Amino acid sequence: MILYPAIDLKDGNCVRLLHGEMDKATVFGSDPAAQAAKFEAAGCTWVHLVDLNGAFAGAPVNGAAVEAILARITVPAQLGGGIRDMATIEGWLSKGLARVILGTVAVENPALVREAAKAFPGQVAVGIDARGGRVATKGWAEETDVMVTDLAKSFEDAGVAAIIYTDILRDGAMTGPNIEATEALARAVSIPVIASGGVSSLPDLIALRDTGVIAGAISGRAIYDGALDLTAALAALRG
């Protein structure tokens with residue numbers, strides 16, 4: 001199972017939100033590229049990036065910070081937030097991003113996800129963010145009647161590289177991930193599932209790994225707070 005350390009970008013800074021609320025942002029650093037380099041130096045094999053402003057704006061906002069990160073690291077990076085058309089997808093992939101994450105458009109324009117996954121094999125992931133099993137969009141600001149499993153299953157034959165499943169009520173709350181729901185989703189589809197939201201300790205990571213069906217886990221606040229020791233976590237997952 002791969003550990004994806006998260007860098008959430010707001011106004012060019014590294015931040016963490018609580019439950020996805022922009023007015024509950026804690027700034028952890030003003031140099032995202034330096035933070036990404038630290039993750040690579042620690043042995044991380046991927047970096048997870050989120051353009052928080054972009055998720056609300058519907059277009060990239062923290063592009064300069066993302067480009068600085070890509071220039072600084074050699075490990076692959078994936079990015080979500082405000083990527084809602086083919087031109088933006090092509091633009092990011094041409095700049096060296098390894099994988100784009102499509103969230104809102106997966107609900108509103110699933111044909112775009114299919115088109116992108118076909119055009120860029122292995123480089124398109126679907127981000128599914130949920131409250132109580134229902135998908136939320138537009139930076140989690142809008143709730144839909146779409147069920148998580150139904151949305152995931154609709155992309156079974158599309159060729160998407162991964163599904164990133166976030167339980168919004170666990171995100172940034174340091175209360176542990178929703179292992180049961182994440183495992184159920186991973187068993188319901190053949191697409192690799194990456195867990196996000198609430199991954200806050202080594203036991204959390206081990207519990208996700210021990211399901212045997214979860215491909216990866218994203219953690220942010222716990223790493224910055226020191227609740228999750230990155231070196232120990234990577235060693236445990238390698239072991």
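The following conversation sets the values computed for this predicted model against the terms used for them.

Biologist: What makes the radius of gyration of the protein agree with that of a compact globule?

Modeller: A compact globule with 239 residues would have a radius of gyration near 18 Å, and the protein has 16 Å, which agrees. Along the principal axes, the C-alpha atoms fill a box of roughly 40 × 35 × 35 Å. The protein contains 11 helices and 12 strands.

Biologist: Where do the charges lie on average?

Modeller: The protein has 19 positive and 27 negative charges, and their mean positions are 2 Å apart.

Biologist: Let us turn to single residues. Why is Asp8 called buried?

Modeller: The term buried requires a relative accessible area under 20%. Asp8 has 6%, so Asp8 is buried. This residue is found in strand 1.

Biologist: How do you know that the side chains of Asp8 and Arg16 make a polar contact?

Modeller: A polar contact calls for a pair of N or O atoms within 3.5 Å, one able to donate a hydrogen and the other to accept it. The contact between the side chains of Asp8 and Arg16 is listed at 2.3 Å, and a distance of that kind is therefore judged against the 3.5 Å limit. Beyond four places in sequence, Asp8 also touches other residues, including Asn13, Cys14 and Leu52.

Biologist: Asp8 also touches Val50. Why does Val50 count as buried?

Modeller: Val50 has 17% relative accessibility, and the limit is under 20%, so Val50 counts as buried. Val50 lies in strand 4, which covers residues 47-51. Leaving aside neighbours within four places in sequence, Val50 is in contact with Ile7, Asp8, Leu9, Leu79 and Gly80. Pro110, by contrast, is 60 residues away in sequence and 21 Å away in space, C-alpha to C-alpha.

Biologist: Why does Asp11 count as exposed?

Modeller: The term exposed requires over 50%. Asp11 has 53% relative accessibility, so Asp11 counts as exposed. Asp11 lies in the loop between strand 1 (2-10) and strand 2 (13-18).

Biologist: What is the phi of Asp11?

Modeller: The phi of Asp11 is positive, at about 55°, although the residue is not a glycine. Apart from residues up to four places away in sequence, Asp11 touches Asn53 and Asn62. Ser196 is 185 residues from Asp11 in sequence and 22 Å from Asp11 in space, C-alpha to C-alpha.

Biologist: Why is Thr144 called buried?

Modeller: With a relative accessible area of 16%, against a limit of under 20%, Thr144 is buried. Thr144 lies in strand 9, residues 142-147.

Biologist: Which backbone atoms lie 2.7 Å and 3.1 Å from a polar atom of the side chain of Thr144?

Modeller: The backbone oxygen of Val135 lies at 2.7 Å, and the backbone nitrogen of Val146 lies at 3.1 Å. Residues touched by Thr144 beyond four places in sequence are Val107, Arg134, Val135 and Thr137.

Biologist: Finally, what makes Leu237 count as buried?

Modeller: Leu237 has 15% relative accessibility, under the limit of 20%, so the residue counts as buried. Leu237 is found in helix 11, residues 230-238. Arg209 is 28 residues from Leu237 in sequence and 7.7 Å from Leu237 in space, C-alpha to C-alpha.

Key
Residues numbered from 1 in each chain as written. Predicted model: local features only at pLDDT ≥ 70, side-chain atom pairs only at ≥ 80, totals over all residues. Heavy atoms only, no water. Helix = DSSP H or I, 4+ residues; strand = E, 2+ residues; numbered from the N terminus. Buried < 20%, exposed > 50% of the residue type's maximum accessible area, 1.4 Å probe, protein only. Contact = heavy atoms within 4.5 Å. Rg over C-alpha atoms; globule rule 2.2 N^0.38 Å. Lys, Arg positive; Asp, Glu negative; His and termini not counted. Charge placed at Lys NZ, Arg CZ, Asp CG, Glu CD.
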